[in-house]
Structures are given as C-alpha cells and as structure tokens.
Amino acid sequence: MASTLVKIDIHLIFHVKSTSVKINRDDLPRLFQYMGGTIRQMGGIPITVGGMSDHVHILTSMPKTMSLSDFVRTIKAETSKWIKQLNNIYHYFAWQEGYGAFSVSPSLTEKTANYISRQEEHHQKHSFREEYELFLKAYGIEYDDKYAFSD
C-alpha cells in the first residue's frame with residue numbers, strides 16, 4: 001500500500017479533578033467548541049463534544065499520527081490552559097489524570113453522538129460514577145475503585 005488510511009473513532013471520557021472548581025454551565029459550550037478546535041489542529045475529527053460541569057465526553061476520529069495517550073494529554077493540557085485564561089475562578093482548574101477511551105464502531109457512531117448530546121437529560125437519572133461503571137463493564141475492563149474514581 002502506498003498510503004496510510006486510518007479511521008478509528010473513540011469515545012473519550014474524563015473528569016474534573018475533585019479539588020478543582022467545576023466548569024460553569026454557561027462556559028460549557030465555549031469549552032466544547034475549543035476542544036473541537038484543538039482536536040482539528042492535531043489532525044483529528046471531532047464528531048461530538050459534550051458533557052456536564054464535572055466531566056466531558058468526546059466522540060472523535062483519532063489523528064493517524066498520534067498515540068491515544070498523547071492525543072488525550074494534549075486535549076487536556078490545551079483546554080486547561082484555555083479555561084484558566086477564561087475567568088479567574090478557574091485559576092486552579094485541573095482535569096483528573098486518567099481517562100476512559102472506548103472504541104466506537106461505525107454502526108454506533110450516531111447512537112454515541114446522540115448519547116453525548118443528551119448528557120444533561122441522562123444525568124438526571126444516573127450519576128457520573130454509575131455512567132462510567134456501565135462503560136467499564138460493557139467493555140469488559142477490570143478496574144479498582146480506589147484508582148478509577150479518585151484523583
């Protein structure tokens with residue numbers, strides 16, 4: 001093959017550090033837009049970005065030239081810098097170190113995008129922890145509560 005062709009869609013989930021201020025609801029749309037721009041700058045394709053004041057969900061096609069860990073690290077670092085400049089209340093803002101990354105097949109892309117778009121509705125019934133545990137179980141990921149849900 002003469003060229004490298006890649007299409008890997010990933011559903012990313014990461015949480016605000018427990019000692020950090022949560023993101024103001026009014027600032028979320030701008031944050032999501034900034035995340036999408038950051039993903040595009042790295043060569044990824046943001047499909048849907050959404051979430052709540054304490055966590056985000058990103059459905060994205062991965063850039064073919066980056067590892068997953070570098071991709072997520074850059075998203076978190078760039079958005080953390082950006083939000084700290086947005087308002088003084090975010091002076092000590094930080095994301096938790098870890099993240100969840102789940103592969104998404106083309107047949108489930110639309111369903112996953114809809115799920116992310118309806119986070120506010122979803123979290124009226126389920127906590128972040130319940131939601132995240134469902135993903136871990138659905139993907140058969142073994143985890144230790146001590147590390148999965150703490151900074």
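This is a predicted model: local features need pLDDT of at least 70, side-chain atom pairs count only at pLDDT 80 or more; totals for chains, interfaces and linings use all residues.
Let me start with helix H3, residues 109–117, where the buried residues are Thr109, Thr112, Ala113, Tyr115 and Ile116; buried here means under 20% relative accessible area, exposed means over 50%, and partly exposed is in between, with a 1.4 Å probe and protein chains only.

Residues are numbered from 1 along each chain as its sequence is written, and side-chain values use heavy atoms, with hydrogens and water left out.

What, then, covers the buried residues of H3? The cover includes strands S1 (9–15), S2 (45–52) and S3 (55–61), together with helices H4 (119–122) and H5 (128–138), where contact means heavy atoms within 4.5 Å.

H5 has its own set of buried residues, namely Phe128, Glu131, Tyr132, Glu133, Phe135 and Leu136. They pack against S1, S3, strand S4 (100–103), H3, H4 and helix H6 (145–148). After H5 comes Gly140, whose phi is positive, near 65°.

Turning to the pair H1 and H2, residues 28–41 and 68–86, their axes come within 10 Å and cross at roughly 140°; the axes are lines fitted to C-alpha atoms, for helices over the stretch in contact, and angles run from 0 to 180 degrees between N-to-C directions. H1 and H2 are therefore oblique to each other, given that angles under 35 degrees count as roughly parallel, over 145 as roughly antiparallel, 65 to 115 as roughly perpendicular, and the rest as oblique. H1 passes H2 in a right-handed crossing, a term used if the near helix is turned clockwise from the far one by less than a right angle, with anticlockwise giving left-handed.

Which residues meet across this pair? From H1 there are Arg30, Leu31, Tyr34, Met35, Thr38 and Ile39, and from H2 there are Phe71, Thr74, Ile75, Glu78, Thr79, Trp82 and Leu86. By class, the contact of H1 with H2 has eight nonpolar, three polar and two charged residues, where Ala, Val, Leu, Ile, Met, Phe, Trp, Tyr, Cys and Pro count as nonpolar, Asp, Glu, Lys and Arg as charged, and the others, Gly among them, as polar.

Staying with H2, let me go through some individual positions. Val72 is in H2 and, at 1% relative accessibility, counts as buried; Val72 touches Leu12 and Tyr99, not counting residues up to four places away in sequence. The C-alpha atoms of Val72 and Ala101, which are 29 residues apart along the chain, are separated by 9.2 Å.

Ser80, also found in H2, is buried with a relative accessible area of 11%, and, again not counting residues up to four places away in sequence, Ser80 touches Phe93 and Trp95. Lys81 lies in H2 and is partly exposed, at 48% relative accessible area; C-alpha to C-alpha, Lys81 and Leu136 are 29 Å apart in space and 55 residues apart in sequence.

Finally, back to strand S1, where we find His15, buried with a relative accessible area of 15%. His15 touches Asp54, His55, Trp95, Gln96 and Phe128, not counting residues up to four places away in sequence. His15 and Ser69 are 54 residues apart in sequence and 16 Å apart in space, C-alpha to C-alpha.

Methods. Helices (H or I, at least four residues) and strands (E, at least two) are DSSP runs, numbered from the N terminus.
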